[in-house]
Amino acid sequence: MGKRVVVVGGGVGGTIVANHLARKLGRELELGDLEITMISPDAQHFYQPGLLYVMFDLTRPEELSRSQASLLEPGIRLVQDWADHIDKDKGEVRTRAGQTFPYDFLLLATGSRPSPQLIPGLAEGGHLFYTLDGALKLREALFNFQGGKVVVTVGVPHKCPVAPLEVTFMLDAWFRQRGLRDKVELTYTYPIGRLHALEPVANWAVPQFAARDIHGETFFNLKEVDAKARQLTSIEGTTLPYDLLISVPPHQGAQVIIDSGVGDKGGWVPTGKHTLLMEGTDNVFVVGDTTNLPISKAGSTAHFEADVIADNLASRLQGYPGGRSYDGKVFCFVETGLEQATYVWFNFETPPNPVPPSQAIHWFKLAYNKAYWLTPKGVL
Amino acid sequence: MAEGEAKVIDARGSYCPGPLMELIRAIQTEPVGTVLEVLSSDRASSNDIPEWVKKVGQEYLETVAEDGYWRVRVRRVK
Ligand SMILES: Cc1cc2nc3c(=O)[nH]c(=O)nc-3n(C[C@H](O)[C@H](O)[C@H](O)COP(=O)(O)OP(=O)(O)OC[C@H]3O[C@@H](n4cnc5c(N)ncnc54)[C@H](O)[C@@H]3O)c2cc1C
């Protein structure tokens with residue numbers, strides 16, 4: 001029997017690894033010496049960063065998805081189902097429909113999910129743009145909004161660390177465009193003592209906030225939302241009134257990670273920072289948002305990690321040791337309005353150093369939004 | 001929980017989200033009484049972690065300088 005690789009989760013990380021592997025070991029796949037099975041519930045692959053534009057109706061949701069099957073190399077078997085149980089001792093994954101998939105190597109790529117239910121009142125009192133459903137509701141609320149107090153809150157942990165800042169700049173620009181800015185009080189809150197985790201980005205944001213009359217409230221970790229009184233309270237003891245609450249809720253790992261006991265209390269899988277192997281195992285790789293690594297949960301992180309995993313996995317499947325090591329690389333575009341952007345990159349050793357924002361970088365990001373489909377295919 | 005059984009949060013090399021954010025994430029899921037030790041390669045952690053910990057009424061214990069990093073110890077008391 002051939003070697004069996006099971007990939008759980010068909011997002012950015014899982015899809016890149018599966019495709020790279022299928023290309024690297026195309027012959028083995030053809031001969032039946034290798035089986036690659038991807039278990040993922042979604043028939044459509046969704047480009048999440050596009051949600052930032054959906055809320056302003058600058059992109060239609062239909063433009064953000066493609067069929068998952070169309071993104072996979074021939075020979076990869078797609079099982080459209082939820083993984084229900086991961087048994088690393090037996091070396092198998094069970095699905096909701098009751099199928100069992102034994103593996104020689106497993107890739108955990110189930111991502112992260114916003115969990116507004118972790119904060120009392122948040123689901124009832126706040127909007128979010130991190131899910132399609134949330135972004136569509138927020139779009140409606142924004143287009144009906146006539147003015148008042150808009151507050152952006154940020155939960156810990158969350159994916160895409162720059163999105164809260166981006167959405168704030170975009171809200172400012174959008175309200176100006178609609179001639180509403182003088183009727184809007186815009187407040188951005190952040191969990192730590194500066195405006196962003198990345199120090200240079202935080203420093204850069206200070207004069208930008210002043211110039212745009214955006215109020216920054218630091219050391220603000222949302223404790224509860226009183227939806228009736230429209231009031232927020234932080235664990236630091238600050239209260240803020242609001243008319244429109246836009247939250248990035250705290251995130252958790254996938255339910256299957258929690259239920260199978262392979263994660264920590266938040267559902268994140270303990271992972272070797274250079275090997276990307278689940279701690280205590282030699283055949284379970286972990287990619288992207290799923291890990292417990294203290295690095296940004298971002299598509300780019302998943303992408304850089306996926307390259308390392310695919311290479312090492314291809315080697316391991318051929319009986320070699322697998323020599324690549326992950327250096328912690330993360331790259332992020334940062335939209336600084338509706339027409340300008342900058343970018344940052346960093347790794348475990350190199351601190352971030354953003355370049356001055358420009359229109360060209362904004363166009364590059366827009367172009368990447370269209371070219372994204374080459375990423376899961378493992379081309380770009 | 002005995003001092004020896006501190007929950008270690010290795011945030012060395014973390015520029016984003018960074019050591020304080022890693023502590024905020026972890027402290028919420030640990031029971032009252034837990035000692036958390038944040039390992040940080042960022043000198044600023046020895047200021048911003050105690051500052052936040054005091055703000056939210058948790059207990060800051062100490063910062064120990066190790067070889068090339070800092071070990072910031074905190075106890076969840078409520
Ligand atoms: C609004 C927004 C803006 C963003 N902007 C950026 C950006 O500009 N740049 C950037 O780099 N990143 C950005 N991101 C973050 C990026 O989308 C994620 O970090 C990235 O998708 C993580 O990849 P992943 O493969 O780890 O997880 P995902 O891509 O989320 O994939 C996880 C997959 O696992 C599946 N799954 C879950 N549970 C199960 C189960 N039980 N069984 C089987 N499958 C399961 C899911 O259905 C999904 O297909 C943004 C995200 C949002 C929401």
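This is a predicted model: local features need pLDDT of at least 70, side-chain atom pairs count only at pLDDT 80 or more; totals for chains, interfaces and linings use all residues.
**View 1. Two domains of chain A, side by side.** Chain A splits into domain 1, made of residues 3-111 plus 254-317, and domain 2, residues 115-250. Going by C-alpha atoms, their centres sit 31 Å apart. Domain 1 of chain A brings 14 residues to the contact, and domain 2 of chain A brings 21. Between them the two domains bury about 1500 Å², with 77% of that on carbon and sulfur atoms. On the domain 1 side, look for Leu52(A), Met55(A) and Phe56(A): these lose the most area to domain 2 of chain A, together 45% of what that side buries.

**View 2. Polar links across the domain interface.** Here is the salt bridge: Asp57(A) pairs with Arg139(A), and their closest N and O atoms are 3.7 Å apart. The rule also picks out two residue pairs in polar contact across the interface of domain 1 of chain A and domain 2 of chain A. Helix H3 (residues 51-54) of chain A gives the most to the domain 1 side, with four residues. Sorted by class, that side of domain 1 of chain A has nine nonpolar, two polar and three charged residues.

**View 3. Where chain A meets chain B.** This contact takes 28 residues from chain A and 21 from chain B. The two chains bury about 2100 Å² between them, 64% of it on carbon and sulfur atoms.

**View 4. Charged and polar pairs between the chains.** Across the interface of chain A and chain B the rule turns up two salt bridges. Asp264(A) and Arg25(B) meet through their side chains in a salt bridge, at 3.9 Å from N to O. Six residue pairs are in polar contact across the interface of chain A and chain B. As for the make-up of the chain A side, count 17 nonpolar, six polar and five charged residues.

View 5. Zoom in on strand E21 (residues 341-346) of chain A to find Thr342(A). Thr342(A) counts as buried because its relative accessible area is 5%, under the 20% cut-off. A polar atom of the Thr342(A) side chain lies 2.5 Å from the backbone oxygen of Val355(A). Beyond its neighbours within four places in sequence, Thr342(A) is in contact with several residues, among them Cys332(A), Phe333(A), Pro354(A), Pro356(A) and Ile361(A).

Note on methods. Residues are numbered from 1 along each chain as its sequence is written. Chains are lettered from A and ligands numbered from 1 in the order in which they are written. Side-chain values use heavy atoms; hydrogens and water are left out. Helices (H or I, at least four residues) and strands (E, at least two) are DSSP runs, numbered from the N terminus. Buried means under 20% relative accessible area, exposed over 50%, partly exposed in between (1.4 Å probe, protein chains only). A polar contact is a pair of N or O atoms within 3.5 Å; within protein, one must be able to donate a hydrogen and the other to accept it, and residues adjacent in sequence count only if both atoms are side-chain atoms. Contact means heavy atoms within 4.5 Å. Domain bounds come from an automatic or database domain assignment. Buried area is the accessible area (1.4 Å probe) that two parts lose on being put together, summed over both. A salt bridge is a side-chain nitrogen of Lys or Arg within 4 Å of a carboxyl oxygen of Asp or Glu. Ala, Val, Leu, Ile, Met, Phe, Trp, Tyr, Cys and Pro count as nonpolar, Asp, Glu, Lys and Arg as charged, and the others, Gly among them, as polar.
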